[in-house]
Amino acid sequence: MSKKSYSISVVALFLWCAIAITTTTGVRASGSLVKTEQRKTLFFSEDGQISAARVADNINGSYLLHFFTLEPNSLFLPALLHADMIFYVHTGSGKLSWTYEDELKSTEITRGDVFRLEQGSFFFINSNLETETERQKLRINAIFFDSNNDLHEPAIGPYSSIRDMVLGFDREVLKSAFKVPEEVIDDLLNGTSPPAIVHGLQRTKKAAFEMEAQFMSSFLGTRGFNIVELNKKKKKKKSDAKLYNLFKEDKDFENCNGWSTTVTGKKLSALRGSDVGLFMVNLTAGSMMGPHWNPTATEVAVVLQGRGMVRVVCSSFSNGTHCRNKSFEVEEGDVFAVPRFHPMAQISFNNGTLVFMGFSTSAKKNHPQFLAGQASVFRSLDKDVLAMSFNVSNTTLDQLLAPQHESVILGCVSCADEELRIMEEERERAREEAREKEKEETERRKKERKKEEEEARKREEAAAKREEEERRKKQEEEEAEARRKEEEERRRREEEAAAREREREEEEAARKEEEERKRREEEERQREEEQEEETRRRQQEKEKEAARHREEERRRKEEQEEARQREQEQEETRRRQQEQEEEAAARQREEEEERQREQEEARQREQEQEEEQERQKRQEQEETRRREEQQEEEGGKSEGERAAEEERRREEEARREEEEGRGRGQGENQGWGKFLKKRLTV
């Protein structure tokens, strides 16, 4: 490869791979509930946006989620993952590409798909160009965790810019590392950073393969890599990725009130080796995910559709501080977290469904424990002990456990409205308590202020006495000082009068000298201005000539580029026409071969049927001969019996010929039916 072509390759690579992504370590947690409007926008343009939310469970810490939105035919430029990323495709479709062990892999993604990318991978995303009637943005919800299966991203952020990684080195290091001319390094350092999401390129399949090959060979350092090898690999194994789609697989639980499903390493091989899983819940109107808790997992959920209520119960003491129960209203786009051992219930309103998905911190050993319904954990406990725990009778306990026949997802009409009312009452009580505390604090501050004012008044009186004494002493000292200064001032005025007379004479001489100097400077300045004016005039003429040359060169390059593009378009049109003609000829040859094959099969069947008929006729003749010989031997049979046997023989032969005729007709019909079916399929 020549230096020039290699330089162009490297420049194209970094322009393609460059990305400017704001670090996300500055995204602050907003508690256990993050509303849609509280998300922090990391990037926004007409081609898409990236926002982030950090939700906290107030026990184990906070969790970072990113929300990618790509307009149709947009491209999220390559980024390097600092942490493992698990994502869910909310809407739209596109293509995910990533690196794994010096290989570039890719797979199509669509709504409902979930997958995991490991840290250290480069990845980029193309959104599909949908038709005008199906234009839909590609929306992806993602969460990050480190190599210890902890849902806390590294301190440097979940992913970084390739451009910043490379251009952080100085000029000499880059030139020595990449072995390229200095002008290539200048182009890289002087270039501007592209946005994180750009408009997608209209590329043919071959052009896409060439770009993938260039990325792998130039950046990953793969030797001897070429387009032919890439095509062979793609034909041999299009993608090693096995995605899991939440909408195409069977649900874990489903009834008239909704459905739920979970995804672990057993269902999605990409999750193996991690303790992180995904889940999705769809509640119909007026339904509830029954009260339950997770023994080993913290849930981080995102509301995908609808509006509902979430109730989280906490009756324990932690670090001497009482953990309070809380309810909050959620709607589409909100993020909420529930720590383990905290009973919870998600409830939909009567006027619509509630759909949410999320991530759990422990997918292997976590088995949700339900309080009510047929799956209630209380059914496995001793009733007497359970009755003592509630301090009720066994009869009351039986009445509590018996009525509910549903499990997991229960009907709960108007429960969300009641929960909303209770939440508003709790908020009002909290506001009232806050007002009372504020009133008490105001009274306390008033008393403290009054006490401080009294002490300040006493201090001011003592200070006033001290100031009066000091003022009197100072006045006496000032009078003595004034007399001394008056005598000094008289002597000073006499000396100044003599000095002013000397200064006047000196100033007169200096004035005359200054006037002469200014006259000479003015003459010199006029000569310099004339020279500068002449220099500027010559420089302007040179700049105009250079601009004219640059404009001519630019027009010449544009004309050459337009001619090259027209030649490429014509070549592509001729290639497509040739491919279409070859495909049509191939289809015609296949149809002719199929028709000849069907005819040959029909002829073979007819020949076999004729041979079978000949064989049967010989058998019948032999049978007739044997019967005649037997009749001659018997000799005692009557003429009527021989006539009856002859009549039966003729009927048997007629019946056999009729069956053979039907068999031949069916064989021919089947042959023509296959031929016509093949023609219609083609």
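In this predicted model, strand E5 is joined to strand E13 (residues 197-199) by 3 bridges, and the two run antiparallel. Strand E5 covers residues 74-81 and is mostly covered, with 8 of its 8 residues buried. E5 also pairs with strand E10 and with strand E12. Elsewhere, Phe 390, Val 392 and Leu 400 make a nonpolar surface patch.

**Pairing of strand E5**

- On the E13 side, Leu 75 has Val 198 as its bridge partner.
- Strand E10 (residues 122-127) is joined to E5 by 4 bridges, in an antiparallel arrangement.
- Strand E12 (residues 159-161) runs antiparallel to E5, and 3 bridges join the two.
- In E12, Ser 161 stands opposite Ala 79.

**Burial of strand E5**

- Side chains in a regular strand alternate between the two faces of the sheet.
- In E5, 8 of 8 residues are buried, which means that each has under 20% relative accessible area.

**Nonpolar surface patch**

- The patch made by Phe 390, Val 392 and Leu 400 has an area of about 260 Å².
- Leu 400 lies in helix H8, which spans residues 394-401.
- Leu 400 counts as exposed because its relative accessibility is 52%, and the cut-off for exposed is over 50%.

How values were computed: Residues are numbered from 1 along each chain as its sequence is written. This is a predicted model: local features need pLDDT of at least 70, side-chain atom pairs count only at pLDDT 80 or more; totals for chains, interfaces and linings use all residues. Side-chain values use heavy atoms; hydrogens and water are left out. Buried means under 20% relative accessible area, exposed over 50%, partly exposed in between (1.4 Å probe, protein chains only). Two strands pair if DSSP finds at least two bridges between them. Patches are made of residues with over 30% relative accessible area and no salt bridge: like charges are joined within 9 Å, nonpolar side chains (Val, Leu, Ile, Met, Phe, Trp, Tyr) within 5 Å. Accessible areas come from the Shrake-Rupley method with a 1.4 Å probe; for residues, only the protein chains shown count as cover. A salt bridge is a side-chain nitrogen of Lys or Arg within 4 Å of a carboxyl oxygen of Asp or Glu.
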